[in-house]
Amino acid sequence: MNFVKHSNLEGLHAPFSASQSAWLRYDTEKALTVYDNMRAKERGTKLHDWAKRTIDLGIKQPRSNKTLYAYVNDAIGFKMSTEVVLYYSPYFFGTADAISFRNNKLRIHDLKTGKSGHMEQLEVYSALFCLEYKIKPGDIQMELRLYKDNEVIVHEPTAEDILPIMDKIMSLNKALENFDDREV
C-alpha cells in the first residue's frame, strides 16, 4: 500500500494523539477545557518569546497596568537578563524569565499569562541561584516579582525563606544521585 505522506505533520503531536490517549475518557466539556488550556499554553509561550525579544532589544512599552507591558518595562529598567537557566544538577534547574544581580541585590521577575503562578516558584529560582553561584542568601537582598492578572506582586524573601528550599534541593539531589547509582 502507498501511504499518504503528511510531511507537514512529521515531528508534531496532535492535541489528542494516540500516545496520550487519556482523552478517550473525556466528555466533550472536558475535551474542550483541555484544548483551551493547550491553546493558552501556546499563547503564553508566544507572549514570553515576544517579551524576551522586546526586552533584549530595549523596546519600552506604553506605561500601563497591563501585565505584559509592566513586565517588559520593569525588566528593561532594571537591565535584566532574560530566560536565564539556573542550574544545580540534572535533577534541579529552571529558567528564570528575567533576572539580575547587581550591588548585592538579586531580582527575579516572572511573567504569568495563564491562571497559575505562585511566588514559591520564584523562591526556588532564588535557591537555585544561591546554590549555583555559591552565595549565602543571608548575605544578599532579594526582590521577587510575579506579573499576573494586571498586577505586580512583590516579595522580599529572607534567608529563612530560601535556606529550607536550598536544603531540600540538596538532600533530594543526593537521594536521587544515590538512587541512580544503584540502578547502574
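Q: Which residue in S5 stands opposite lysine 148?
A: In this predicted model, the residue opposite lysine 148 is glutamate 151 in S5.

Q: What makes S4 and S5 a pair of strands?
A: Strand S4, residues 141–148, is joined to S5 by five bridges, and the two run antiparallel. Since pairing needs at least two bridges, five are enough for S4 and S5 to count as paired.

Q: How do you know that S1 and S2 are paired, and in which sense?
A: Six bridges lie between S1 and S2, in the antiparallel sense, and because the requirement is at least two bridges, S1 and S2 qualify as a pair. In one of the bridges, serine 81 has isoleucine 99 in S2 as its partner. The two strands also form a hairpin, with five residues between them.

Q: Why do S1 and S5 count as edge strands of the sheet?
A: The open sheet consists of five strands in the order S1-S2-S3-S4-S5, with mixed pairing. Strand S1 (81–87) and strand S5 (151–155) each have a single partner strand, so one side of each is left without a neighbour in the sheet, and they stand at its edges. From one strand to the next, the twist averages 35 degrees.

Q: Which strands does each of the helices H1 and H3 lie across?
A: Helix H1, residues 28–57, lies across S1, strand S2 (93–102) and strand S3 (105–111), and runs at about 110 degrees to S1. Helix H3, residues 119–133, lies across S1, S2, S3, S4 and S5, and runs at about 140 degrees to S3.

Q: Which residues have the most contacts inside the largest nonpolar core, and which elements supply it?
A: The largest nonpolar core has 23 residues, and those with the most contacts inside it are Leu86, Ile99, Leu106, Ile108, Phe129, Ile140 and Ile169. At least two residues of this core come from each of S2, S3, H3, S4 and helix H4 (159–183). The element that gives the most is H3, with eight residues. A second, separate core has 13 residues, among them Ala51, Ala70, Met80 and Leu111.

Q: Why is the pair of tyrosine 71 and tyrosine 147 called edge-to-face?
A: The structure holds five aromatic pairs. In the pair of tyrosine 71 and tyrosine 147, the centres are 5.5 Å apart, which is within the limit of 6.5 Å, and the planes are at 75 degrees, which is over 60, so the pair is edge-to-face. This pair links distant parts of the chain, with tyrosine 71 in helix H2 (residues 67–77) and tyrosine 147 in strand S4, 76 residues apart.

Q: Why do tyrosine 71 and tyrosine 147 count as buried?
A: Buried means under 20% relative accessible area, and tyrosine 71, with 2%, is therefore buried. Tyrosine 147, at 0% relative accessibility, also falls under that limit and so counts as buried.

Q: Are phenylalanine 101 and phenylalanine 129 buried, partly exposed or exposed?
A: Phenylalanine 129, with a relative accessible area of 6%, is under 20% and therefore buried. Phenylalanine 101, at 34%, lies between the limits of 20% and 50%, so it counts as partly exposed.

Q: How do you know that arginine 107 lies over the face of phenylalanine 78?
A: Arginine 107 is at 3.5 Å from the ring centre of phenylalanine 78, over its face, and this distance is within the limit of 6 Å. Lysine 30 lies over the face of tyrosine 26 at 5.4 Å from the ring centre, a distance that is also within 6 Å.

Q: Why is asparagine 173 called buried, and which residues is it in contact with?
A: Asparagine 173, which lies in helix H4, has a relative accessible area of 5%, under the 20% limit, and is therefore buried. Leaving aside neighbours within four places in sequence, asparagine 173 is in contact with Tyr88, Ser89, Tyr91 and Phe92.

Q: Why is asparagine 103 called exposed?
A: At 76% relative accessibility, asparagine 103 is over 50% and so counts as exposed. Asparagine 103 is found in the loop between S2 and S3, and has a positive phi of about 50 degrees although it is not a glycine.

Methods: Residues are numbered from 1 along each chain as its sequence is written. This is a predicted model: local features need pLDDT of at least 70, side-chain atom pairs count only at pLDDT 80 or more; totals for chains, interfaces and linings use all residues. Side-chain values use heavy atoms; hydrogens and water are left out. Helices (H or I, at least four residues) and strands (E, at least two) are DSSP runs, numbered from the N terminus. Axes are lines fitted to C-alpha atoms, for helices over the stretch in contact, and angles run from 0 to 180 degrees between N-to-C directions. Contact means heavy atoms within 4.5 Å. A nonpolar core is a set of buried Ala, Val, Leu, Ile, Met, Phe, Trp, Tyr and Cys residues joined through side-chain atoms within 4.5 Å. Buried means under 20% relative accessible area, exposed over 50%, partly exposed in between (1.4 Å probe, protein chains only). Rings of Phe, Tyr and Trp (its six-membered ring) pair if their centres lie within 6.5 Å; planes under 30 degrees apart count as stacked, over 60 as edge-to-face and the rest as tilted. A charge sits over a ring if NZ of Lys or CZ of Arg is within 6 Å of the ring centre and within 35 degrees of the ring normal.
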